[in-house]
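Hi everyone, thanks for making time this morning.

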Amino acid sequence: MTNIAKGLEGVLFTESKLTFINGTEGILTHLGIPIQEWAENSTFEELSLALLSGHLPTAAELSHFDSQLKANREIPAELLTIIAGYPKGISAMQALRTAVSHLALFDADAENTTADARMAISIRLIAKMSTIIAAIRRTQQGLEPVAPRLDLTHAANFLYMLHGEEPTPEQARLFDIALVLHVDHGMNASTFTAIATASTLSDQYSAVVSAIGALKGPLHGGANEAVMDMLDEIGTPDKAADFVNAKLDAKEKIMGVGHRVYKYFDPRSRVLRDYAAHVAEKQGKSHYYQILEVIEKTVVDRLSSKGIYPNVDFYSGTVYSDLGIAKEYFTPIFALARISGWCASVNEYERDNRLLRPDAVYSGAVDQHYVELQDRQ
């Protein structure tokens with residue numbers, strides 16, 4: 001008998017020094033450092049550089065990297081025109097996938113796959129992703145894109161380009177933490193897809209476009225949007241427990257609950273829950289957060305014995321909503337954070353590249369022969 005690992009679960013295909021996950025105990029580390037410490041002490045810029053370089057950067061290294069990001073925030077005017085011409089009402093991820101592919105056409109070094117070129121393109125992609133997403137959102141609203149500013153952090157600059165006004169320090173910090181929590185998560189579907197594409201020695205843009213395509217699927221990147229749909233369906237906190245119990249009794253899924261890896265609380269959800277609570281309290285305890293509290297208690301009471309707990313998507317949607325971000329842009333923001341992890345993982349794998357070529361167990365017919373068309377029944 002041949003054992004088939006459906007979904008490649010448990011299959012080891014490479015080594016990585018970037019991210020470690022212990023799903024049983026709810027542990028996530030980057031470079032050996034717990035995600036809670038990254039969220040409390042670091043920034044998106046620092047974690048991105050740490051993953052790209054493989055070590056905690058010095059102050060000089062981080063300053064240089066930050067300057068590189070800021071210098072590469074602008075996107076070509078021709079690309080802005082293309083984005084403005086996208087049909088109104090298209091999905092945000094469809095637009096993002098297409099825009100990143102278009103971006104490659106304006107990069108003279110796009111086809112270069114050397115290690116140095118991949119690193120340089122990674123920096124450009126990380127810097128420009130936020131500008132592209134903000135431009136897509138504003139042009140889809142019939143608004144003019146807002147040019148990036150060089151005096152703002154990566155998180156603050158995105159919110160500024162999205163809304164046309166500078167965020168408060170608290171809003172910028174909250175968004176920065178959300179980005180940090182989503183930067184990398186091991187060999188998830190989109191990261192694996194990026195590596196698979198790059199393993200053919202294809203270019204960095206192709207690898208990232210492939211990853212965006214994988215993230216676009218609702219089983220990977222769309223869960224936080226589905227959580228918000230669920231909250232809108234529930235409506236008020238007093239209906240939440242009955243809603244969850246009815247769903248569970250019917251053996252239906254609760255969005256934002258359960259994880260392919262974690263059999264305990266997703267450590268990212270614990271961090272985001274605390275910040276979501278802080279924002280909700282400051283804004284008068286939003287009904288969204290109140291509903292989530294009831295859902296979490298009900299789910300934990302009924303499902304914790306099966307290793308099913310809320311994941312990071314459970315709270316991220318409310319955080320984004322409180323920051324004025326439309327729910328159809330939650331998944332593009334996932335890409336805005338994960339672009340650093342995609343690039344770092346591709347660059348790491350390419351240092352000892354081997355073409356990915358898995359196999360499948362053949363289960364079809366045997367000993368067959370071709371039958372002429374006129375003789376077929």
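Let me start with Val346, which is buried at a relative accessible area of 2%; buried means under 20%, exposed over 50%, and partly exposed in between, with a 1.4 Å probe and protein chains only. A quick word on the ground rules: this is a predicted model, where local features need pLDDT of at least 70 and side-chain atom pairs count only at pLDDT 80 or more, while totals for chains, interfaces and linings use all residues. Residues are numbered from 1 along each chain as its sequence is written, and side-chain values use heavy atoms, with hydrogens and water left out.

Back to Val346, which is found in helix α16. Helices here are DSSP runs of H or I with at least four residues, strands are runs of E with at least two, and both are numbered from the N terminus. What does Val346 touch, leaving out residues up to four places away in sequence? Its partners are Arg118, Ala194, Ile195, Ala198, Gln204 and Ala207, where contact means heavy atoms within 4.5 Å.

Now the nonpolar core, meaning a set of buried Ala, Val, Leu, Ile, Met, Phe, Trp, Tyr and Cys residues joined through side-chain atoms within 4.5 Å. The largest one has 110 residues, and those with the most contacts inside it are Leu96, Val100, Ile132, Phe175, Ile295 and Ile325. Helix α16 (residues 330-350) gives this core its largest share, 12 residues. Take Val100: beyond residues up to four places away in sequence, Val100 touches Leu125, Met129, Ile132, Tyr205, Val208, Val209 and Ile212.

On to the rings. How many aromatic pairs does a search of the whole structure find? The search finds seven; rings of Phe, Tyr and Trp (its six-membered ring) pair if their centres lie within 6.5 Å, and planes under 30 degrees apart count as stacked, over 60 as edge-to-face and the rest as tilted. Phe13 and Phe192 are edge-to-face, because their planes stand at 90°, with ring centres 5.2 Å apart. That pair links distant parts of the chain, 179 residues apart: Phe13 is in the segment before β1, and Phe192 is in helix α9 (residues 189-198). Phe13 is partly exposed at 28% relative accessibility, and Phe192 is partly exposed at 25%.

Tyr289 and Tyr315 make a tilted pair, since their planes are at 40°, with centres 6.0 Å apart. Tyr289 lies in helix α14 (residues 287-303) and Tyr315 in helix α15 (residues 312-322), so the pair ties together parts that are 26 residues apart in sequence. Tyr289 is buried at 7% relative accessible area, and Tyr315 is buried at 1%. Ring pairs also link Phe158, Phe175, Tyr320 and Phe330 into a cluster.

Last stop, His220, in the loop between α10 (204-215) and α11 (223-234). Is His220 buried or exposed? His220 is buried, with a relative accessible area of 17%. Its side chain joins that of Asn188 through a polar contact of 3.5 Å; such a contact is a pair of N or O atoms within 3.5 Å, where within protein one must be able to donate a hydrogen and the other to accept it, and residues adjacent in sequence count only if both atoms are side-chain atoms. The residues that His220 touches include Phe334 and Arg338.

That's my tour, so over to you!
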